[in-house]
Amino acid sequence: MMQLINNILAYTEIQAGRLLSSYAHFAVKKELNTLHAHYQQRCNEKGLQLHWTIDDKLPDWLYCDGDKVISVLHKLLDNAVKFTDKGSIGLDIKHQNHYLSCTITDSGIGIWKTQQPYIFAPFRQSEQGFQRRYGGLGIGLSICKELIDSMDGEIGLSSEINQGSSFIVSLPVKSTAAPLIIEKTSHKASDVLILVVEDNPVNQQVLCKLLEILGYNFVIANNGEEALMMLEKHTISLILMDLQMPIMDGFTCSQAIRNREDALKNIPIIAVTANFLDADKQRC
């Protein structure tokens, strides 16, 4: 159910033209190991073999939109498992000439030649009708195509009915070193005062209970305007900021804090919100 919801949200974001790329240091081998463990279990449950080949030349870190790379692989591997009842699933990753080449293969039901030109269109599946044996909304491949396009990559397909399918994804990436981690002085939880800016009483209780369990002291503001007043009254170390609030929202309040001319302009602010679309992340 969560996967269906995430697909709907991603598709909505694409349709609204708010799909953005977020490039950062990406621990590619670590993430691939996590993916491997997940799909090894999925294959074991269906009695399928999993062939997993990672290029020795692949560096530990890449500079790319890692979330989108993993999302694409996740969707293609999920389809491979879903549409394969016997045989094997494969992932082969190569890294050369600043490109990441990912080939996902399966020995599943395959895709008709007549359907292949339209397979990346939304709401298309290899089986149609009310009695489809396979679940899903038929938007996974469409989302993959949009994500890959947003990263200036390409995706290709080769498939034969009852023989299986092969998807080849090519993405431009940059090799990079591990990010520099700066060690900072740690403080006891009891020495840290956290400002919770949240208008919903239930959310206030949840956040405050979590902070209480962790040993932190806290004060509460019901909106951004109250938060600015709290900063004048208390020595705040950290702000947990809701985004959507009456009187003054989290974005406006955060901007007001960053526009200050004293030390408080650099106070850490963590957005606490249900909004996780790319446009919201970018605005944060």
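Tutor: What follows covers the helix pair, then the cysteines, then the serine. Keep in mind that this is a predicted model.

Start with the pair. Two packed helices are described by the angle between their axes and the distance between the axes. Helix α2 spans residues 28-46, and helix α3 spans residues 66-82. Their axes lie 11 Å apart, at an angle of about 10°. That angle is under 35 degrees, so α2 and α3 run roughly parallel to each other. From α2, the contact uses E31, L32, L35, H38, Y39, R42, C43 and K46. From α3, I70, L73, H74, L77, D78, V81 and K82 take part. Sorted by class, this contact of α2 with α3 has 8 nonpolar, 5 charged and 2 polar residues.

Now the cysteines. The structure holds 0 disulfides. Take C64: the closest cysteine sulfur belongs to C102, 9.9 Å from the sulfur of C64. A disulfide needs the two sulfur atoms within 2.5 Å, so this distance is too far for a bond. C64 counts as buried because its relative accessibility is 3%. C253 is buried too, with a relative accessibility of 0%.

Last, the serine. S254 sits in helix α7, residues 250-258. Its relative accessibility is 17%. The cut-off for buried is under 20%, so S254 counts as buried. Setting aside neighbours within four places in sequence, S254 is in contact with M241 and I269.

Conventions. Residues numbered from 1 in each chain as written. Predicted model: local features only at pLDDT ≥ 70, side-chain atom pairs only at ≥ 80, totals over all residues. Heavy atoms only, no water. Buried < 20%, exposed > 50% of the residue type's maximum accessible area, 1.4 Å probe, protein only. Axes fitted to C-alpha atoms, helices over the stretch in contact; angles between N-to-C directions. Helix = DSSP H or I, 4+ residues; strand = E, 2+ residues; numbered from the N terminus. Parallel < 35°, antiparallel > 145°, perpendicular 65-115°, else oblique. Contact = heavy atoms within 4.5 Å. Nonpolar A, V, L, I, M, F, W, Y, C, P; charged D, E, K, R; others polar.
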